[in-house]
Amino acid sequence: LKPEMEKQYAVARPVYSEDSFAEDHEKVHRVRKTMLDHLKECVTCDSTRAKKAVLSLLPIIGWMRIYRVKEWLLGDVVSGISTGLVAIMQGLAFSMLASLPPSYGLYTAFFPMLTYFFLGSSRHISIGSFPVLSLMIGAVVTRLVPDGGPSANFPGFEGLNMTQQRVLVASSVTFLTGIFQLAMGLLQVGFIVIYLSDTLVSGFTTAAAVHILVSQLKFVLGLVVPGISGPLSIIYTLEKIFVQITSTNICDLVMSIIIMVIVFIVKEMNDMYKAKLPVPIPIEVTVIACGTSYGLNFKDRYGVDIVGKMVSGYEAPIAPDMDVFKDSAVEAFPIAIVGFAVAFSVAKVYSIKHDYAIDGNQELIAFGVSNIFGASFRSFAASTALSRTAVQESSGGRTQIAGLISAMMAMIVTVALGFLLEPLPTSVLGALVIVNLKGMLMQFREIPYLWRRDKPECVVWVGTCLGAILLGLDIGLAVGLGLELLTVIFRAQFPRCSVLANIPGTDLYRDRKDYLNIVEPTGVKIFRIPSPIFFANIEFFKDKLVEAVGFNPLRVLRKRNKAFRKIEKLLNLFSKPTDDSDMNMKDLPADLKDLPFRVDWNAELAGNIGVPRVDIHSLILDFSAVSFLDISALKGLKMVLKDFIRIDVDVYIVSCDVYIIEKLHSCMFFDDDVQTSIFFPTLHDAMLHVLGKHKGKIKGMVSCFEMLFGKSLLKFIV
């Protein structure tokens with residue numbers, strides 16, 4: 001025998017119904033808090049609550065108190081330098097996705113980190129530009145300030161050139177994004193991220209990677225392609241690229257291919273030997289050196305586009321534009337959600353790995369304040385990039401001191417070393433962006449896995465991805481949420497109901513279709529519905545129950561009423577109707593329990609009387625997976641129970657949640673027909689009760705009417 005089969009247990013106890021269990025075991029009466037009580041708790045303040053609120057609002061206090069200088073500081077410094085190199089290059093590259101000059105990417109690598117350092121609850125994520133958010137910001141920028149057409153007619157655009165207008169749009173959208181995130185954090189709605197499933201996020205980011213890839217082709221090929229936004233923008237962009245494909249700048253193309261090959265090889269080596277390498281090889285240094293060395297004369301010799309004039313130092317803060325607020329609110333909200341969802345999911349991975357807690361609401365506040373602060377200094381929406389965070393963690397980073405050092409490196413480049421990046425070809429940045437898309441593009445491999453394991457999830461992935469590719473990222477996210485909601489509705493509205501049977505020698509009951517050696521007691525049907533019962537699936541519940549038992553109780557009752565009229569006529573042939581009995585039946589179904597005799601409805605009746613057979617005497621409903629019932633379901637369930645009871649089928653409900661039973665009492669569910677005695681704590685309790693009740697029951701009864709009516713009617717009167 002297997003070790004687990006050798007262990008056995010035996011329990012001797014009475015067969016309980018819910019009523020008898022309540023009699024034997026006294027229940028604790030709990031006083032539930034009212035809304036007023038909860039409100040008082042929220043507004044009541046003492047020293048403990050104040051201390052907890054401060055520690056929650058400023059997580060830096062918590063980890064600074066336990067900071068181990070000798071053990072952690074060197075790792076944070078090395079990590080900060082390594083991450084800073086990556087952040088600088090990604091900032092330059094991702095700013096082009098936002099349709100902004102590269103220097104503004106360095107702003108995003110600096111300002112948001114300053115506030116997240118104090119307010120963020122994650123110790124490992126690297127704050128800065130993220131390609132998906134950059135692309136979403138770029139869609140708004142190119143819509144309001146297009147390449148080949150007039151800008152939006154906003155008063156705030158007067159006197160500004162195109163670059164300044166685009167910077168104003170990007171910073172205003174980022175400011176509004178921060179407001180949304182801060183508001184959600186203050187309202188404690190960080191749970192909203194749970195509605196973005198891993199499948200949806202995977203499909204969405206894959207679609208974003210496709211958009212990013214297409215947007216970078218013009219830099220890699222050295223073509224002039226205006227930015228296009230809106231539905232089918234990716235199709236129009238590809239059309240313009242292929243129309244100009246013969247004008248490809250060979251120097252840009254060759255340089256991009258070389259850079260992509262080198263960066264890809266080094267990144268693969270970093271992944272392959274990450275256990276042996278103390279610090280990942282900083283390939284971005286090689287890219288900078290390559291771009292600076294070979295790009296000195298490329299602009300004049302081969303017409304290569306370069307980064308150009310870098311903004312030296314920092315400009316004065318600017319106020320957001322209210323007209324941009326009004327025009328981009330619909331797009332800013334998805335940016336806020338996506339930025340938070342991606343950052344929180346990455347932060348959760350590393351918090352579990354390093355055993356510390358993160359707070360979703362505090363992360364919303366941190367990102368909200370960071371984006372508001374950064375937008376005031378012309379940065380665009382910040383989140384985290386998985387590759388950059390992986391570098392920060394794998395190179396020894398323990399706290400956000402590493403993030404602060406990486407931000408300082410971006411500041412040094414902005415203030416003093418920006419001129420070194422001016423001759424860097426934009427095709428090099430485009431190649432760097434494309435190489436960094438590998439992880440997101442490889443998510444296409446999830447499609448066959450999802451199709452084999454969970455087809456509705458696969459539909460969500462494919463629908464989200466296609467919707468975001470063809471309709472745009474904002475509409476695509478809405479499509480994904482709609483599909484996800486539909487799958488939830490589908491699973492709840494059409495659950496996989498089953499008929500259970502007993503595993504011999506045990507108190508276990510399983511789906512009768514799944515096992516060979518399984519016993520279904522004669523005359524008993526056990527039906528299980530594995531979902532809540534509510535207005536949308538109550539009819540499905542009724543249909544599946546009828547399918548499981550093999551007959552419709554309402555139809556059986558109507559047939560019996562009609563048959564009884566015929567029996568009444570036959571009986572009247574043998575005896576005179578008395579004044580005491582009223583055998584007139586209505587067309588509507590009636591309860592036949594109060595008749596002066598019993599009829600065996602499963603017998604072969606005389607006089608061409610046909611009634612559907614009812615082969616069960618007991619029906620057990622397993623409610624162990626039913627988490628709630630609404631009012632519509634209560635009404636429908638009560639009608640179903642009464643229909644079965646009227647045709648002499650006993651109905652029992654087992655494993656029902658105690659709060660559902662309390663709701664049934666409060667909604668006046670019980671009456672003379674449906675009583676509390678039909679509820680049992682376990683399925684086996686109900687089965688033992690049924691077997692005990694029907695043990696030794698005589699099938700077929702001799703009627704006392706034989707003396708009056710003779711044996712000819714005994715074939716249908718019992």
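Let's start with Lys27: at 56% relative accessibility, Lys27 counts as exposed, where exposed means over 50% relative accessible area, buried means under 20%, and partly exposed is in between, using a 1.4 Å probe and protein chains only. Quick housekeeping: this is a predicted model, so local features need pLDDT of at least 70 and side-chain atom pairs count only at pLDDT 80 or more, while totals for chains, interfaces and linings use all residues. Residues are numbered from 1 along each chain as its sequence is written, and side-chain values use heavy atoms, with hydrogens and water left out.

So which residue forms a salt bridge with Lys27? That's Glu662, and the closest N and O atoms are 3.4 Å apart. By salt bridge I mean a side-chain nitrogen of Lys or Arg within 4 Å of a carboxyl oxygen of Asp or Glu. The two partners come from distant parts of the chain, 635 residues apart: Glu662 is in helix H28 (residues 658-666), and Lys27 is in the loop between helix H2 (18-24) and helix H3 (35-43). Helices here are DSSP runs of H or I with at least four residues, strands are E runs of at least two, and both are numbered from the N terminus. Glu662 itself is partly exposed, at 35%.

By that rule, the count comes to 21 salt bridges. Another one joins Lys525 and Glu520, at 3.3 Å from N to O. Is Lys525 buried or exposed? Buried, with a relative accessible area of 12%, whereas Glu520 is partly exposed at 28%.

Then there's Asp671 with Lys642, where the closest N and O atoms are 2.9 Å apart. Asp671 sits in the loop between H28 and strand E8 (679-680) and Lys642 in helix H27 (residues 631-646), so this pair ties together parts 29 residues apart in sequence. We also have a network of salt bridges linking Arg143, Asp327 and Glu331.

Now for the greasy side of things. In soluble globular proteins, nonpolar side chains tend to be buried together. A nonpolar core is a set of buried Ala, Val, Leu, Ile, Met, Phe, Trp, Tyr and Cys residues joined through side-chain atoms within 4.5 Å. The largest one here has 119 residues, and Val132, Ile137 and Val169 touch the most other members. Helix H16 (residues 322-354) gives the largest share of this core, 15 residues. A second, separate core has 41 residues, including Val499 and Phe541.
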